[in-house]
Amino acid sequence: EMSRGLGDVYKRQLQDVAIKLAEESGEVSGCVSIMTGLSDYKNIEPNDLADELVDTFINIVDLGRLAYGDDFQLIFQERLKVKCEKWVEKYNKQKRN
């Protein structure tokens, strides 16, 4: 049977979620391609990019929880702080140049 019950969502394997994440990332790229005029294969709605970004984030969280279990939220918060600080530093450096 092709359909899955809601409980099966939590039984997905790491590789299943990684593949889904790649698919969602492709959808983000597709929206950006259309928004920037690189592609015009379909029309997009104003919230399509936001929807695809949310779908991507949900898969990121799903993947993290599968890989790290209940520790993922704390690990994610710590790593997000470190990465954001690096990004801000790099952005500010580029802005000065």
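We go through helix packing, salt bridges and a surface patch.

User: What kind of model is this?
Analyst: This is a predicted model.

User: OK, helices. How do α2 and α3 cross?
Analyst: Helix α2 covers residues 14–35, and helix α3 covers residues 48–68. Their axes come within 9 Å. They cross at roughly 160°. Angles over 145 degrees count as roughly antiparallel, so α2 is roughly antiparallel to α3.

User: Is that crossing left-handed or right-handed?
Analyst: The crossing of α2 and α3 is left-handed.

User: New topic. How many salt bridges are there in the whole structure?
Analyst: A search of the whole structure finds four.

User: Why would side chains pair like that?
Analyst: Side chains of opposite charge can pair when their charged atoms come close.

User: Which residue does K81 meet in a salt bridge?
Analyst: K81 meets E85, at 2.7 Å from N to O. Both residues sit in helix α4. They are four residues apart, so about one helical turn separates them.

User: Is K81 buried or exposed?
Analyst: K81 is exposed, because its relative accessible area is 53% and the cut-off for exposed is over 50%. E85 is partly exposed, at 45%.

User: Which residues are joined into one network?
Analyst: K20, E23 and E24 are joined by salt bridges that share partners.

User: How far apart are K20 and E23 in helix α2?
Analyst: K20 and E23 are three residues apart, about one turn of the helix. Their side chains meet in a salt bridge at 3.8 Å, N to O.

User: And how accessible are K20 and E23?
Analyst: K20 is partly exposed, with a relative accessible area of 30%. E23 also counts as partly exposed, at 44%.

User: What about D70? Which residue does its side chain meet?
Analyst: The side chain of D70 meets R65 in a salt bridge, at 3.1 Å from N to O. D70 is exposed, with 65% relative accessible area. R65 is partly exposed, at 42%.

User: Let's switch to the surface. Which residues make the nonpolar patch?
Analyst: W87, V88 and Y91 make a nonpolar surface patch of about 330 Å².

User: Where is V88?
Analyst: V88 lies in helix α4, which covers residues 72–96.

Definitions and conventions: Residues are numbered from 1 along each chain as its sequence is written. This is a predicted model: local features need pLDDT of at least 70, side-chain atom pairs count only at pLDDT 80 or more; totals for chains, interfaces and linings use all residues. Side-chain values use heavy atoms; hydrogens and water are left out. Patches are made of residues with over 30% relative accessible area and no salt bridge: like charges are joined within 9 Å, nonpolar side chains (Val, Leu, Ile, Met, Phe, Trp, Tyr) within 5 Å. Accessible areas come from the Shrake-Rupley method with a 1.4 Å probe; for residues, only the protein chains shown count as cover. Helices (H or I, at least four residues) and strands (E, at least two) are DSSP runs, numbered from the N terminus. Axes are lines fitted to C-alpha atoms, for helices over the stretch in contact, and angles run from 0 to 180 degrees between N-to-C directions. Angles under 35 degrees count as roughly parallel, over 145 as roughly antiparallel, 65 to 115 as roughly perpendicular and the rest as oblique. A crossing is left-handed if the near helix is turned anticlockwise from the far one by less than a right angle, and right-handed if clockwise. Buried means under 20% relative accessible area, exposed over 50%, partly exposed in between (1.4 Å probe, protein chains only).
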